[in-house]
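Here are my notes on the model you sent. Please read them with the structure open.

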Amino acid sequence: MLPDAMIADLRARKTPAIARAISMVENGRPGFEEILSAIHPTLGRARRIGITGPPGAGKSTLTERLVQLLRARGLTVAVVAVDPTSPFTGGALLGDRIRMESVALDPGVFIRSMATRGSLGGLATTTREVCDVLDGGGFDRVIIETVGVGQSELDVARTADTTVLVLVPESGDGIQTLKSGIMEIGDLFVVNKADRPGADRLRQEIEVTLGIRAGNAFRHMPAHHGPTTGRTKAAADGAPVGWKPPVLATVASSGQGVAELADAIDRHDQHLTGTGELALRRRQRLYERTREVVERDTRQWVWHETRADAAIQERMDDVAAGRVSPYEVAAEILEELKQGSRL
Amino acid sequence: MTIAKPDPAGQELRRRLADQERALAALQDEVRAWRAAAAGLPVRADVSFAGVSGREVEPAYTPFDLSDGSQAAAGLPGAYPYLRGIHPTMYRGRLWTMRQFAGFGTARDTNERYKFLLARGQTGLSVAFDFPTLMGYDSDHPRSEGEVGKCGVAISSLADMQELFDGIPLDQVSTSMTINGPAAMLFCFYVAAAERQGVDIAKLQGTIQNDMLKEYMAQHAWIFPVEPALKVIVDLFEWASAHTPKWNTISISGYHIREAGATAAQELAFTLANGFCYVEHGVARGLDVDSFAPRLSFFWDVHNDFFEEIAKMRAARRIWARTMRDKYGAKNPRSWQMRFHCQTAGVSLTAQQPHNNIVRVAYQALAAVLGGTQSLHTNALDETLALPTEESVRIALRTQQILAYETGVPNVADPLGGSYYVESLTEGLEREAAGLFAEIEAQGGVVAAIETGWFQRQIADSASRFQREVEQHRQVIVGLNEFIEDDEPPVEILKVGENAEREQRASMAALRSARDGVAVDAALERLRAAAAEGRNVVPPMLEATRAMATLYEIRHVLETVYGTYREPVFF
Amino acid sequence: MSRKTAIRPIRVLVAKPGLDGHDRGAKVVAAALRDAGMEVIYTGLHQTPEMIATAAVQEDVDVVGLSILSGAHMTLFPRVRKLLDESGRPDILVTGGGIIPTEDMDELARQGIGKLFGPGTPTGDLIAYIQEWAVEKRQD
């Protein structure tokens, strides 16, 4: 499909076009940047909600319940479910749709499974771009569901406007989970399977940990990326800006507590909008995005459109024999490129 | 030193014991020598000596492979712990029930097949339902399209059940119904059909499978989430113990777990763990264990590894007896006795050279009888291709009759008792089961391990291992990966047309217009209320059945209270 | 590696249509396809043709693999094919396996269904078939 035709179909919110545009973006197929540029002016309608947590926390079931509820409130919803690619075979088994069966046939719902494909650092960017396509495709809410293990998944969760961290009483030692660093990404905390033993204790543990963070620990947290960090739960001076992450209890299997979760997400949204933080976060993200694209394209250009790689190959005998260091070769190549030579 | 009086008997005994000890010591030396010699002998390198379950076996077994005291612990047939069978004389008193699973098309079609089988000497009926019925959908539900009457008989209401047993007095047959998710509904249909025949329901004999735990693990005909499903099962235990005391309220099934790929040890342990889980739920309801445990029955798969299968059934009996007596405090010996049905392994049949399946089934049937089964279904040769034809069903039944009347096998109880190999396998399987019970416990018990997909993963791993071995020809399957015929003549298969669906749609429409809709709605509302209030749902379900509420109407009303099960994601 | 030179993995939807619960074959196949480097979307049991086609379109898969043992193959395969065609995705391959008599396989092939595999087929055969199809027919 030609990008122009696809853009027209995307604007018309045709499901097959949305699906194919996502594939183009995911695979970096020619034309994907045109598509992303074309939809850029329309972006920002969709609220992006990240749902993350350890395996077995019931994220998909909770997502299904949330989708049901959002649909009942008249909103269209897209879900991006991210699961790991096997590092050995490059294949992946993506099974999250099973849990979302009740909404699978709803024309106001779009579900897409994504494999991490082991792309180093690229996953978060790709996920953001996929969410852009869904935003451009006219969905009111985009839910990004990932397993909260490992840095790249956490980065994915961070692409959302509102990130929900889901924990369960039996998901190992609650405190351990809390210590592992994923607390910082939660705008909302959910203790799922709250009818099981240990739920109240877990809730208390989270609240205590959050209290400590809000009190003193958080003041010493370094900001994330550069001076105008995107993760401004604290303002630049380190003081909280008035959002206290709530700790909610749900039983996803019965739907208990899901309406409260949706309301809390709305409150967080109002908070972000009201304080101007949403605009700030989004601006920061666009700044990061532009940098990432420059990096990606630079890398692409250097290795595929200049002779940089060939130049290294030519000097390898010298490098291997110790006559010249990798650093000297790199400096030479960079200097040449700066001079405008494509070597 | 005291001078003992001469004690000829004692001296004789001591002399014999000493002789035995010397003989054993000599044997031990011989075994050592044999082992050393055997280790150096060439063996066929192209095949595995592990059976279908992947268990490596020794080239031969000796008394040293048995644990101390194992011979005394084995006991006798008909005596605790029933290792050697639940009746003192086993098949001399009564042969096993030859029970061929059958059903296809409409109730009328299947009714004819039942009469055909009863006329040829079958001794019990076994109903195979179609997939819509197994899932609780009426024949005219949109999800039933294309599947009505295809793999079993379509039963959507009491009217269908009446037709299924038309001319078959329900106080004179024993009927097994393979039904789980909607087991309570179909049981109510059966009870109401008996009432309409004028039969005293206390005389009803038979079994409903009603084993939801293995559905979540392996067979996957589920409706409700685990806990409400268990609640309805216990409702049936409670109701049946008072009203239909000769009816087996559950058939705790290893069959489907095994067919899904489990090893023999997994089948044994997972099934028994499920059994104990049901017992615990019954006891938690406040039922006396001896009020319902005698009506719990089991169902095993009989696979190709001949001796392992026999050992599995023997081990199962001993574990059940010991646990029921010692852990759950059952006092009635009938609560200790594991009674079971067997079916030959459908998964072992091949679509290639299907006549070979007759031979497979015969060996498996022999294993079931040597294992002491109470009833048996022998698969028909064409079952991997389609529903069996009358011809293939007849051969399958005759296979059992030849075994029962020509081979002499049923004349002696537990004829393999005392075999070093079989006893050692039996003990080995018991040890493996104990290990698996501990693992299940570590997972938080049966229900937790289902919800996390632990069982399902264990089974899938075993299935993959076996598949790999077959693909690598480490496991030879005749006609499939070795001894292949290039030009196979096709066998004749039974084709079930679409007419069953058409007929069912028409009869459902007639039923819906003929019945009293107000009475149906009122009965369904009483059922919903009972479910919502946590009362026993069997009485209002039976009421709704009598009012001609359909299967799906009953399912649906319970679903509004209980919710729907969703499978965990795992591979 | 640059995104632009990455070889796109083959995406396959593995589904179990119909009401039977026999997913052993579907799961063995799903795992084998993953091990062969494909991205497999597994939709679980008891799927209707509408659910399968909707998922295939949203997931933008190359191949739909169906496992049918309930005898309803003559209803289910053509229905999925038709729904995909109507969604503008006649390019998606519909293949699969199950207990399917040869004459039915031939009839389904005439209706635009790909190769179907009977019980006991090594998973390698299906993998090879999909890989060859992808080399030949996939558009990008």
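**Notes on the predicted model**

1. The cut-off for buried is under 20%. Keep in mind that this is a predicted model.

2. How many disulfides does a search of the whole structure find? The search covers all chains and returns zero.

3. Chain A, fold. The secondary structure consists of twelve helices and eight strands. Chain A has 343 residues, and 53% of them count as buried. Take the contacts in chain A with a separation of 6 or more: 76% of these are between residues 24 or more positions apart.

4. Now B:Arg360. Where in chain B is this residue placed? B:Arg360 lies in helix H14, which spans residues 356–370. Is B:Arg360 buried or exposed? B:Arg360 counts as buried, because its relative accessibility is 12% and the limit is under 20%.

5. Partners of B:Arg360. Its side chain makes a polar contact with the side chain of B:Asn357, at 2.8 Å. Leave aside residues up to four places away in sequence, and B:Arg360 touches B:Asn304, B:Ser348, B:Thr350, B:Ile477 and B:Val478.

6. The interface of chain C and chain A, by size. Chain C puts 36 residues into the contact, and chain A also puts in 36 residues. The two chains bury about 3,000 Å² between them. Of that buried area, 49% is on carbon and sulfur atoms.

7. C:Glu39 and A:Arg117 form a salt bridge through their side chains, with an N to O distance of 2.5 Å.

8. Which elements of chain C give two or more residues to the side that touches chain A? They are helix H1 (24–35), strand S2 (39–42) and helix H2 (49–59). H2(C) gives the most, with seven residues.

Notes: Residues are numbered from 1 along each chain as its sequence is written. Chains are lettered from A and ligands numbered from 1 in the order in which they are written. This is a predicted model: local features need pLDDT of at least 70, side-chain atom pairs count only at pLDDT 80 or more; totals for chains, interfaces and linings use all residues. Side-chain values use heavy atoms; hydrogens and water are left out. A disulfide is a pair of cysteine sulfur atoms within 2.5 Å. Helices (H or I, at least four residues) and strands (E, at least two) are DSSP runs, numbered from the N terminus. Buried means under 20% relative accessible area, exposed over 50%, partly exposed in between (1.4 Å probe, protein chains only). Contact means heavy atoms within 4.5 Å. A polar contact is a pair of N or O atoms within 3.5 Å; within protein, one must be able to donate a hydrogen and the other to accept it, and residues adjacent in sequence count only if both atoms are side-chain atoms. Buried area is the accessible area (1.4 Å probe) that two parts lose on being put together, summed over both. A salt bridge is a side-chain nitrogen of Lys or Arg within 4 Å of a carboxyl oxygen of Asp or Glu.
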